[in-house]
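Trainee: I'm new to this one and would like a close look at a single part. Could you walk me through it once it's on screen?

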Amino acid sequence: MAFAFGLSFGVLAKASGMGSLAPVVMSMTTFAGSAQFAAASVLGTGGGALAAIGAATLLNTRYAPISLTVAPSMGGSPLSRLLRSQLIVDESWAVAQAGGGRVDRRILMGAGALLWFGWVGGTVVGVLGAGFIGNPARYGLDAAFPALFLALLVAQLDSRRAILAAVLGATIALTLVPFSAAGVPIIAASLACLVGLWRS
Amino acid sequence: MSEVWLVVLVVGAATVALKAAGPVLLGGRDLPPPVLRVVTLLAPALLAALVAVGLFAGDRQLVLDERVAGLGAAALALAVRAPILVVVVAAAVATALARALG
């Protein structure tokens with residue numbers, strides 16, 4: 001999975017003029033699929049460095065609240081926490097949900113490490129084989145991402161409040177798509193979690 | 001420095017800081033209950049947004065295209081409690097098929 005997405009990132013990044021080394025370094029250090037796709041597509045359509053940085057960073061601001069949910073289950077020295085926190089990505093965080101807002105640290109780290117190797121390896125193959133593969137959309141990879149998130153979402157809908165937050169989040173995001181830069185709709189949707197302030 | 005490397009460096013540094021914020025600042029400590037209730041709902045809210053945007057967002061517009069076939073296949077696979085990998089592959093295959101036929 002991560003390999004296939006890494007591969008499509010490699011292909012797209014190469015096609016948008018990022019060269020070969022930069023996409024691989026980005027996969028190793030940024031390690032966040034949607035932000036990297038956003039940066040590559042902004043650069044590819046001539047949006048410039050500032051717009052690319054803005055879109056990608058905005059998309060990744062969700063990691064601030066996400067990393068807060070991980071904090072209680074992560075001990076150790078500040079340096080080890082800093083390094084291990086880099087394995088937090090949407091997918092590793094989603095599969096590690098242990099209910100009640102807690103995450104399973106072992107699953108998070110294991111899944112994160114697997115995803116990292118798949119993602120970086122896929123990017124390498126993608127930039128090298130860009131000429132042969134063509135457009136990844138042909139293989140339906142763009143629908144695979146939302147399908148994964150849908151499967152993970154269904155597992156999360158264990159209360160009325162969770163369903164309300166999901167409906168609200170999707171509505172906020174879709175409403176904003178026509179009016180805002182890529183990334184903004186997802187960040188704004190995180191506001192839907194504030195229904196948790198309301199006692200039931 | 002080229003534009004591309006500037007993007008790689010700045011986005012990389014920002015992402016490292018964002019991911020580390022929680023664990024470095026309050027690692028090992030528990031969150032207060034109201035905060036916990038709110039962050040519990042972050043997962044469904046963000047996942048639903050990722051699904052919606054991934055399926056219906058085009059370039060600054062909402063679009064209905066072959067990805068809907070993928071959504072249908074994924075929903076069907078979920079309804080029969082198929083494993084996640086099957087759900088994902090079904091969505092990709094259905095979308096690719098719809099594109100090839102369309």
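Trainee: Are α5(A) and α1(B) roughly parallel or roughly perpendicular to each other?

Mentor: Keep in mind that this is a predicted model. Let's start with the numbers for that pair. Helices in a packed pair are described by the angle between their axes and the distance between the axes. Here α5(A) and α1(B), the helix of residues 3-26 in chain B, pack at an angle of about 30°, and their axes are 6 Å apart. Angles under 35 degrees count as roughly parallel, so α5(A) and α1(B) are roughly parallel to each other. As for handedness, their crossing is right-handed.

Now look at who meets whom. From α5(A) come Y63(A), A64(A), S67(A), L68(A) and V70(A), and they meet residues of α1(B) including T15(B), L18(B), K19(B) and P23(B).

The contact between the chains takes 83 residues from chain A and 65 residues from chain B. On the side of chain A that touches chain B, α5 (63-70) is one of the helices that each supply at least two residues, and others among them are α2 (21-29), α6 (78-85) and α10 (160-176). The largest share of that side, 15 residues, comes from α9(A). Sorted by class, the side of chain A that touches chain B has 59 nonpolar, 19 polar and 5 charged residues.

Key
Residues are numbered from 1 along each chain as its sequence is written. Chains are lettered from A and ligands numbered from 1 in the order in which they are written. This is a predicted model: local features need pLDDT of at least 70, side-chain atom pairs count only at pLDDT 80 or more; totals for chains, interfaces and linings use all residues. Two residues are in contact if their C-beta atoms, placed from the backbone, lie within 7 Å. Helices (H or I, at least four residues) and strands (E, at least two) are DSSP runs, numbered from the N terminus. Ala, Val, Leu, Ile, Met, Phe, Trp, Tyr, Cys and Pro count as nonpolar, Asp, Glu, Lys and Arg as charged, and the others, Gly among them, as polar. Axes are lines fitted to C-alpha atoms, for helices over the stretch in contact, and angles run from 0 to 180 degrees between N-to-C directions. Angles under 35 degrees count as roughly parallel, over 145 as roughly antiparallel, 65 to 115 as roughly perpendicular and the rest as oblique. A crossing is left-handed if the near helix is turned anticlockwise from the far one by less than a right angle, and right-handed if clockwise.
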